[in-house]
Amino acid sequence: MDLFGKTNDLETKLVPILEKYKDRKHPLDYQNLYQLMVMVVLSAQDSDANINKIAPALFEIFPNMKSLSISNADELIPHISKVRNFGTKANWLIEIAQTIQEDTNIPLTMENLTALKGIGRKSANVIMREANLPAEGIIADLHVIRVSPRIGLISETKDGNKAEKQLMQILPKNIWGEIGMAISFLGREICRPTPKCPECPIIKDCQYSFKTI
């Protein structure tokens, strides 16, 4: 399965995408940690582009955690009705806000973030990465789930937690914070469902490309 070769060579062979996408901001167009948390919850099973579209009007009405905490799902729903599973997400966000109360209380550890409704490991990893905190895991979004097996890092799975666990087992911790988003950006831009292999910065180490070009 390991198309990249020995595990101790992985970091070196992934350097081109780490350098290409290093420190690039997440595609969610947030302005602060509160907005990021709300948008991450809303983006589950939806597109970043859609969340970016509805966000400005949403945050005019609910500019901070306090304003959300004194509201309710019925008041929130009209502003997120174009988001997939908006009813469930409205309940999650109200519960999060009532738990946290203030922006300054937003937790920034994996344990405390995942204790909140609607925030799993992927969402927590995104929040921690964007807050420049030490990584406690690896972002495994739908792009990472698709691309990682394709480039030979892990076995195929549709489960983000399983993909993350496999990646954490083989990749050195010093790159956990950036490698998830690097693979995600690669999947968004180049290693798409129909990949643009000639444009790929790691093509020389990817056996998949040999089957397609």
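With which side chain does the side chain of E130 make a polar contact? In this predicted model, in which local features need pLDDT of at least 70, side-chain atom pairs count only at pLDDT 80 or more and totals for chains, interfaces and linings use all residues, the partner is the side chain of Y30, at 2.6 Å. Residues are numbered from 1 along each chain as its sequence is written, and side-chain values use heavy atoms, with hydrogens and water left out. A polar contact is here a pair of N or O atoms within 3.5 Å, of which, within protein, one must be able to donate a hydrogen and the other to accept it, while residues adjacent in sequence count only if both atoms are side-chain atoms.

E130 itself is found in helix α8, which spans residues 121-130, and is buried, with a relative accessible area of 13%; buried denotes under 20% relative accessible area, exposed over 50%, and partly exposed the range in between, for a 1.4 Å probe and protein chains only. Residues up to four places away in sequence not being counted, E130 touches K25, H26, Y30 and L36, where contact means heavy atoms within 4.5 Å.

The secondary structure of the chain comes to 12 helices and zero strands, with helices (H or I, at least four residues) and strands (E, at least two) taken as DSSP runs numbered from the N terminus. The radius of gyration is 18 Å, close to the 17 Å that the globule rule gives for 213 residues, so the chain is as compact as a globular protein of that length; the radius is taken over C-alpha atoms, and the rule is 2.2 Å times the number of residues to the power 0.38. Along the principal axes, the C-alpha atoms fill a box of roughly 55 × 30 × 25 Å. Buried residues account for 46% of the 213 residues, and, of the contacts between residues at least 6 apart in sequence, 60% join residues at least 24 apart.

Helix α1 (residues 10-21) packs against helix α11 (residues 176-189) at an angle of about 85 degrees, with the axes 9 Å apart, the axes being lines fitted to C-alpha atoms, for helices over the stretch in contact, and angles running from 0 to 180 degrees between N-to-C directions. That makes α1 roughly perpendicular to α11, given that angles under 35 degrees count as roughly parallel, over 145 as roughly antiparallel, 65 to 115 as roughly perpendicular and the rest as oblique. From α1, L14, I17, L18 and Y21 meet E178, I179, A182, I183, F185, L186 and E189 of α11.

Residue H143, placed in helix α9 (residues 142-150), is buried at a relative accessible area of 16%, and its contacts, neighbours within four places in sequence left aside, are with S184, G187 and R188. E136, by comparison, is placed in the loop between α8 and α9 and counts as partly exposed at 36% relative accessibility. With neighbours within four places again set aside, E136 is in contact with T109, M110, R121, N125, M128, M168 and W176, and the E136 side chain reaches the backbone nitrogen of M110 at 3.4 Å.

N91, in helix α6 (residues 86-100), is likewise partly exposed, at 46% relative accessibility. The C-alpha atoms of N91 and N72, 19 residues apart along the chain, are separated by 7.9 Å.
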